[in-house]
Amino acid sequence: MTSQQSPLLLRVLSAVFYGVISVLIVFVNKILLTNYKFPSFLFVGVGQMMATIVILFLAKVFRIVQFPSLDSSIPRKIMPLPLLYFFNLISGLGGTQMINLPMFTVLRRFSILMTMILEFYILDVKASKAVKISVGLMIGGSFIAAIYDLSFDALGYTMILVNNVCTAALGVYTKQKLDAKDLGKYGLMFYNCLFMLLPALCVVQYTGDLDRAYAFMLSDSMTSSVWACFVLSCICGFVLNYSLVLCTHHNSALTTTCVGPIKNLFVTYVGMFSSGDYVFQWANFTGINISVFGSILYTYVTFRTKSTTISYKPLPMTMPTDVHKPRK
């Protein structure tokens, strides 16, 4: 199956949109879980799933968006995305809470490498030499920058490793499903959350997080500010899902995976000169600059052409008759 890339403007805008929303949701979740001491990141994840389901259901009812209705063929068309989505969400929220920022930054870079490998084996997309070099620079630079801040947390490391695998697989399989055009962007988002809502609620109940969250929400600690932050986190979860699918639709799975690390690097780089709390260290400064250079190189080699044709392995399922036609 061949597919033609979207126009350059759409590719860039979708990547920027995803980067901006991913920054926003990190701040919102940090405020909710750390500043306001909301007791359960699992419950927050369930709230984000429910927000996505409700928003898309209402949008379909009022004919704002369209996606296939539920039938017996949907599970076959959507799997394994719901499982990957659930574990990606939970491991990401858990890892953010357990790992210090420098170590989190280093470990999350390996999702880029995993995505590049999975693109080759699943989508039959071979990265160019320039892309491989830029990915190597981003990973190597982040490791050098945080080498003196490394600390070991077995559970935290495991959470981030699971998060990396799920991030890579989710991006690659999302690209494959989008190209098949069976469910569309909104169908993928809706059924991802719908199929995993009940298992997620079971996990929250089993861990006791449901009781803790319920008790917290009935207490005096649940002020109007906390409610506003919780609701905003749920809405941001929906917007993040949409921006991720949109970015993957217009770009490659590897580009979507690289957006987060590139955004984090430039935020750190600007912070060196704009804030007064940066402590200069040669290893940290050198590593950040190496990663920034790798990010610039990747951005250049990815967006330098407006339209190219990429080949993907066909899905092992029945596809629409027009699936082999290039997108216009």
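Where does F38 lie? F38 sits in the loop that links α1 (8-35) to α2 (41-61), with helices taken as DSSP runs of H or I of at least four residues, numbered from the N terminus. The model is predicted, so local features need pLDDT of at least 70 and side-chain atom pairs count only at pLDDT 80 or more, while totals for chains, interfaces and linings use all residues. Residues are numbered from 1 along each chain as its sequence is written, and side-chain values use heavy atoms, leaving out hydrogens and water.

F38 is buried, at a relative accessible area of 2% (buried means under 20%, exposed over 50%, partly exposed in between, with a 1.4 Å probe and protein chains only). Leaving aside residues up to four places away in sequence, F38 touches L32, L33, F43, V44, A213, F216, M217, M222 and F230 (contact being heavy atoms within 4.5 Å). Of these, M222 is 184 residues away along the chain, yet its C-alpha atom is 8.6 Å from that of F38.

Next, a helix pair. Helix α8 (residues 184-207) packs against helix α10 (residues 224-250) at about 135 degrees, the axes being 10 Å apart. On the α8 side the contact involves K185, Y186, M189 and C193, and on the α10 side F238, N241, Y242, V245, L246 and H249. By class, that makes seven nonpolar, two polar and one charged.

As for cysteines, the whole structure holds zero disulfides (pairs of cysteine sulfur atoms within 2.5 Å). The closest cysteine sulfur to that of C229 belongs to C236, 8.9 Å off and too far for a bond. C229 is buried at 10% relative accessibility, and C247 is buried at 0%.

Conventions
Axes are lines fitted to C-alpha atoms, for helices over the stretch in contact, and angles run from 0 to 180 degrees between N-to-C directions. Helices (H or I, at least four residues) and strands (E, at least two) are DSSP runs, numbered from the N terminus. Ala, Val, Leu, Ile, Met, Phe, Trp, Tyr, Cys and Pro count as nonpolar, Asp, Glu, Lys and Arg as charged, and the others, Gly among them, as polar.
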